[in-house]
Amino acid sequence: MEIDLTPKVAKKVYGSEGGSYYSWCPNELPMLKNGNIGAAKLSLNKNGFALPRYSDSSKVAYVLQGQGVAGIVLPEKEEKVIEIKEGDTIALPFGVVTWWYNKEDTELTVLFLGDTSKGHKAGQFTDFFLTGTNGIFNGFSTEFVSRAWDLPEDVVQNLVSKQSGNGIVQLSASHKMPEPKKEHREGMALNCLEAPLDVDIKDGGRVVVLNTKNLPLVGEVGLGADLVRIDGKSMCSPGFSCDSALQVTYILRGSGRVQVVGVDGKRVLETTLRAGDLFIVPRFFVVSKIADNDGMHWFSIISTPDPVFTHLAGRTSVWKALSSEVLEAAFNVPTEAEKQFRSKRTSDAIFFPPN
């Protein structure tokens, strides 16, 4: 049975005056379930507070817009309170408790992509809230809460009755939240818009790759990630992940065309990508993109912390490594045709600017 690879946008799951939580549904984007990948977005308005929670899945968070504060508690560690802004990437392993707060006028939006293979639902994150109407305090009886936290029952009843929010609340402007500490960012976050470029091709594009070297926590998450920005009319070389990894891509801005080729040389996807779209490239399938006039930016996770890609065009192409005799036989062409094929794209790599 063929799987529909058509890009999809997220849909609202819940929200309040403080903000909203959106998710991609595995029923609409089957590759989520097939590849055990979850995808969601959190948007917070001014003074919006995403209540403390943990998830059944390891994730990578990417700040799409705005700036705010995140609280992160690794298992048996102290709370880290960090300032976050557009371009920040944060690795969130299993067992991490997080909260998110926006104190600015601009909406704070965070993208979450992760592995659901150990989760309750394939292709979908399940969050467990510490507080709120759906939090653990509401699940246990007054007796159990009183015993566990050594509190009088009237205090427990007061704590439970005050929890009227569900997932996201809006705090009063006068409420003081913890101030972020610069030293807490060390090893917790990396800003892809400020990090050194791994690839920089004039009029072509730029890439920042996140791996265990520049953000060690991605090793615990088991995922790699990259931020790719290609210029107007530039092309991203056809390529595939040669270590059986899935590529999960969210379009940040701009637009462009994409083609994906799968088993038996069949083109399984040809469409236009726009900001807000999410699509997934199956294992070993070959993908290529061409940006429209204004260029195209995207953020991707790869289902391995240190991915390896093979490109099929450009200076680093596998075609350049194959011998002339093999290419002549494989293409069934004379030597002149093979030489012409080999002579092209001798200096370009990965991105091809417009002619």
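This is a predicted model: local features need pLDDT of at least 70, side-chain atom pairs count only at pLDDT 80 or more; totals for chains, interfaces and linings use all residues.
Residues are numbered from 1 along each chain as its sequence is written, and side-chain values use heavy atoms, with hydrogens and water left out.

Overall, the protein contains eight helices and 23 strands. Here helices (H or I, at least four residues) and strands (E, at least two) are DSSP runs, numbered from the N terminus. Taken along the principal axes, the C-alpha atoms fill a box of roughly 90 × 40 × 35 Å. Of the 355 residues, 48% are buried; buried means under 20% relative accessible area, exposed means over 50%, and partly exposed covers what is in between (1.4 Å probe, protein chains only). Contact is taken as heavy atoms within 4.5 Å. Among contacts between residues at least 6 apart in sequence, 72% join residues at least 24 apart.

Seven strands make it up, in the order S1-S2-S3-S10-S5-S8-S13, with antiparallel pairing; two strands pair if DSSP finds at least two bridges between them. Its edges are strand S1 (11-16) and strand S13 (189-191), each of which pairs on one side only. From one strand to the next, the twist averages 20°. Within this sheet, S1 and strand S2 (residues 19-23) are joined in the antiparallel sense over five bridges, and Ser-16 has Gly-19 in S2 as its bridge partner.

In S21, 13 of the 17 residues are buried, so the strand is largely enclosed by the rest of the structure. Strand S18 (residues 247-261) runs antiparallel to S21 and is joined to it by 13 bridges, with Gly-256 standing opposite Ala-291 in S21. Strand S16 (residues 224-230) is also antiparallel to S21, through seven bridges; here Leu-227 has Phe-299 of S21 as its bridge partner. Strand S17 (residues 235-241) is linked to S21 by three bridges, again in the antiparallel sense, and Met-235 is partnered with Ile-290 of S21.

Turning to the helices, two packed helices are described by the angle between their axes and the distance between the axes. Axes are lines fitted to C-alpha atoms, for helices over the stretch in contact, and angles run from 0 to 180 degrees between N-to-C directions. Helix H3 (residues 142-149) packs with helix H4 (residues 153-161) at an angle of about 110°, the axes being 9 Å apart. H3 and H4 are therefore roughly perpendicular to each other, given that angles under 35 degrees count as roughly parallel, over 145 as roughly antiparallel, 65 to 115 as roughly perpendicular and the rest as oblique. On the H3 side the contact involves Thr-142, Glu-143, Val-145 and Ser-146, which meet Glu-153, Val-156 and Gln-157 of H4. By class, these residues comprise two nonpolar, three polar and two charged; Ala, Val, Leu, Ile, Met, Phe, Trp, Tyr, Cys and Pro count as nonpolar, Asp, Glu, Lys and Arg as charged, and the others, Gly among them, as polar.

For helix H7 (residues 324-331) and helix H8 (residues 335-343), the axes come within 9 Å and cross at roughly 110°. This angle makes H7 roughly perpendicular to H8. Ser-324, Leu-327, Glu-328 and Phe-331 of H7 make the contact with Thr-335, Glu-338, Phe-341 and Arg-342 of H8. The residues of this contact divide into three nonpolar, two polar and three charged.

Glu-338, placed in helix H8, is buried, with a relative accessible area of 3%. Not counting residues up to four places away in sequence, Glu-338 touches Ser-324, Leu-327, Glu-328 and Val-333.

Arg-345 is partly exposed, with a relative accessible area of 32%. Leaving aside neighbours within four places in sequence, Arg-345 is in contact with Gly-314, Arg-315, Lys-320 and Phe-352. Arg-345 and Thr-316 are 29 residues apart in sequence, and their C-alpha atoms are 9.3 Å apart in space.
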